[in-house]
Amino acid sequence: MFHKKHLIKEQVVLGKKESKRLRDVPAAVLGKEYLDSLESFWKKSDTITRITWEFSTGGLTAFYVVNGIPLMFSVISLPGDSHGMFPRKDVAATPTLFFFLLMRNYYKKEVMEMISLFGATVWCRGATSQYILSGAHLMMPGIVGIKEENSKTFQMGETVFICSIGTLCPYAIGLSTERLANRATSGKGVYILHCYKDLLWDSYFVVFNAFCGSLYPVLPSTFQANEVVELATPKLNTVNAVLEEKDDQETMENATDEVVRDCVPSNRDILIQTTLNILELEDGIIDFALCETIRALSQSMLPMPLTEFSPLLISNYPRIPGAKLQIDFKRTTYKKLLPYLLMRPDLVTISEEKKGNHFVIRINKSSELLRQHRRNYAEFLQTIHEPAKEEEALEAEQQVLRDGAKGGFKRRIVSIETLYSPKNGGAIELKRMLCTGLYMDQLEQRSLGETHSQSSLLAYNEDNNDFLDELYSRKHLCDNLRKYAKTRGLLDTEGKLHGPPFVQLKDILLPLASKLDEHMRITEVEELVFERLFSPVHQIAMETIQVINGAATSVTLITKTTKRGKLPKVLVFTEKRQGNKIVTIVRGLDAYGFDLTSLAAQWKHQFSTFCTVYDPSKEMTNVKQGTRIPLELQLGGDWVSKLKVVLGDEFGLPQHTLNFSGK
């Protein structure tokens with residue numbers, strides 16, 4: 001429903017009585033057992049804003065925003081494509097996905113069990129989520145498991161939560177149709193109202209992420225860009241297949257229970273034992289950690305001192321329940337990290353810049369060791385290792401809360417670098433050479449002495465194009481180009497005295513040649529490479545430090561985000577309000593990943609004035625769909641001169657990204 005085009009019809013702040021009635025709805029369902037979690041993000045005194053959207057297909061819905069996040073939604077009238085499907089056209093107030101994710105962040109995984117208090121749950125294959133995320137409804141053949149609310153048979157029009165197999169966190173919310181209530185074998189099973197990646201999600205996720213103020217991911221690891229992946233892959237029977245053999249109501253209920261049991265991972269112990277057997281091989285645990293570290297790195301993060309690379313590798317040890325597999329190099333035959341890395345030249349290249357100072361200068365994501373790592377541990381990483389790392393992170397935050405400490409996070413931009421991303425299209429071998437420094441002669445040398453034709457070597461590397469997903473510096477690409485031209489004897493140094501040398505555009509450089517000119521100066525070739533084959537992007541490195549009781553801890557995280565096109569400007573200006581009161585407005589900090597909610601609290605004390613987060617889109621009626629309106633911080637008084645120092649020195653924003661001259 002929220003995938004459809006819409007207009008903002010109304011925006012109203014609810015009164016105290018109406019706000020209390022709305023909050024009492026989830027409070028009554030949750031009961032005393034879960035009331036603490038509700039209080040953590042929705043207090044009785046919080047202001048609630050009701051925003052009404054009118055859809056192009058005729059539907060009308062309202063959602064209720066608390067602290068900038070929509071926590072509940074209700075349907076006033078369903079869209080036209082639902083006519084005749086349900087006895088009623090309205091839907092009572094229902095929690096949003098943001099509501100359940102906030103519960104999850106408070107209680108971790110245990111909270112997902114209470115979803116059954118709000119409605120039934122159905123499970124689907126991970127691939128099915130791709131269709132739902134793109135705006136489709138859930139068809140009966142896509143349902144592989146059902147768990148009804150409090151074990152009662154639900155009726156048509158009741159709330160249904162949709163999960164991927166092996167998970168408990170829903171990614172979509174809808175209404176059960178008559179086909180689902182009757183356990184039909186075909187037709188539309190769930191009419192989708194709200195889901196991950198719909199317009200409601202996209203409109204408020206940035207604010208939600210900032211509200212969480214977390215150093216760690218606020219989404220489950222299964223929530224990926226275009227799919228919510230499943231965590232178990234046992235043999236599954238669809239509801240339809242089971243029902244074909246069972247006709248009466250009693251066996252129908254048993255069939256549903258059987259399918260639900262099939263959704264529970266049954267091969268977990270076998271998977272763990274298989275993984276342990278692989279890790280028992282020589283250097284198995286260290287190789288695992290090295291491959292996981294390389295997967296997380298990009299070429300743009302290099303060169304990296306070994307002193308920084310070492311803690312990254314050690315922290316990537318495999319997470320297996322009941323097994324202690326932490327890495328201690330002193331107990332290995334290598335004794336130190338450097339001798340081990342020197343034994344893996346196919347994966348990492350080490351350089352000694354100064355005596356005793358070693359750096360990782362190159363990584364090879366096309367190496368056979370990394371390819372084998374992906375094949376051996378794909379299921380283990382997805383179902384055990386990554387969820388366990390996520391749970392560790394959540395537990396660390398919960399421990400801070402349980403200890404009663406006041407925790408927070410400080411963020412500062414470390415660097416903003418212009419890098420280049422390979423464009424889609426042809427000239428794949430030219431791009432491979434520019435990005436990795438590898439070309440056909442080197443591929444032949446790496447084929448372990450076996451004879452391979454050029455076509456077979458290229459076919460072998462068809463699935464080895466991870467380099468296309470990386471970012472590269474201009475120097476890195478130019479160095480590889482010049483090295484290739486020199487090695488292949490394509491440089492013409494006769495004109496060197498009159499400028500840069502000429503290059504013969506042949507072999508893999510041929511796509512750059514024109515009919516009129518097959519010789520160009522090396523500098524012109526470089527410009528042509530960046531014009532045709534690469535797109536510039538800005539990589540923003542941000543340092544996040546955990547602060548407890550006002551003191552910085554050793555918990556630090558460097559995150560890197562990329563932005564295409566021009567860097568957004570941070571605007572700082574003043575406005576006169578009613579009564580000649582001056583208000584300072586800071587717009588655009590959220591585009592760089594700063595937590596506006598915590599900044600508002602920080603600046604409120606720092607400047608001894610009011611400071612609030614404001615969403616300008618609330619006053620806009622004819623905003624084009626997909627247009628992103630930057631959030632604002634509003635402070636009482638004129639603080640422009642002091643904010644010049646704060647934003648530049650404390651936040652690390654470059655001067656060219658700041659605009660103090662007004663709108």
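**Notebook: helices, strands and confidence in the model**

I looked up Thr128 and placed it in helix H4 (residues 128–133). Helices (H or I, at least four residues) and strands (E, at least two) are DSSP runs, numbered from the N terminus. The model is a predicted one, in which local features need pLDDT of at least 70 and side-chain atom pairs count only at pLDDT 80 or more, while totals for chains, interfaces and linings use all residues. Residues are numbered from 1 along each chain as its sequence is written, and side-chain values use heavy atoms, with hydrogens and water left out.

I noted Thr128 as buried, at a relative accessible area of 16%; buried means under 20% relative accessible area, exposed over 50%, and partly exposed in between (1.4 Å probe, protein chains only). Leaving aside residues up to four places away in sequence, Thr128 touches Leu138 and Gly142, a contact being heavy atoms within 4.5 Å.

**Entry: His3**

I found His3 in the segment before strand S1 (6–13). His3 counts as partly exposed, with a relative accessibility of 26%. I also looked up Leu193, 190 residues away along the chain from His3, and the two C-alpha atoms are separated by 8.9 Å.

**Entry: strand S10**

I checked the burial of strand S10 (residues 172–176): five of its five residues are buried, so the strand is largely enclosed by the rest of the structure. Strand S9 (residues 159–164) pairs with S10 in the antiparallel sense over four bridges, and two strands count as paired if DSSP finds at least two bridges between them. Within that pairing, Thr159 stands opposite Leu175. S10 is also joined to strand S11 (residues 188–195), antiparallel, by five bridges, and Ile173 has His194 in S11 as its bridge partner.

**Entry: the five-stranded sheet**

I traced an open sheet of five strands in the order S23-S24-S22-S21-S25, with mixed pairing. Strand S23 (611–614) and strand S25 (658–659) are at the edges with a single partner strand each, so one side of each has no neighbour in the sheet. S23 and strand S24 (residues 632–636) run antiparallel and are joined by four bridges; Cys611 has Leu635 in S24 as its bridge partner.

Helix H19 (residues 596–606) packs on this sheet, touching strand S22 (581–587), S23 and S24, and its direction makes about 160° with that of S23. Axes are lines fitted to C-alpha atoms, for helices over the stretch in contact, and angles run from 0 to 180 degrees between N-to-C directions. Helix H20 (residues 640–650) lies across strand S21 (570–577), S22 and S25, at about 160° to S21.

In H19, I listed Leu596, Leu599, Ala600 and Trp603 as buried. They cover an arc of only 105° around the axis, which puts them on the same side of H19; the arc is that of the directions from the helix axis to the C-beta atoms. The buried residues of H19 pack against helix H6 (199–212), S22, S23, S24 and H20. After H19 comes Ser608, with a positive phi near 55°.

In helix H9, the buried residues are Leu271, Ile272, Thr275 and Leu279. These fall within an arc of 100° seen down the axis of H9, so they line one face of the helix. Asp269 and Ile270 are exposed on the other side of H9.

**Entry: confidence**

The protein chain has a mean pLDDT of 80, and 81% of its residues reach 70 or more; pLDDT is the predictor's confidence in each residue, from 0 to 100. I marked residues 445–463, where pLDDT stays under 50.
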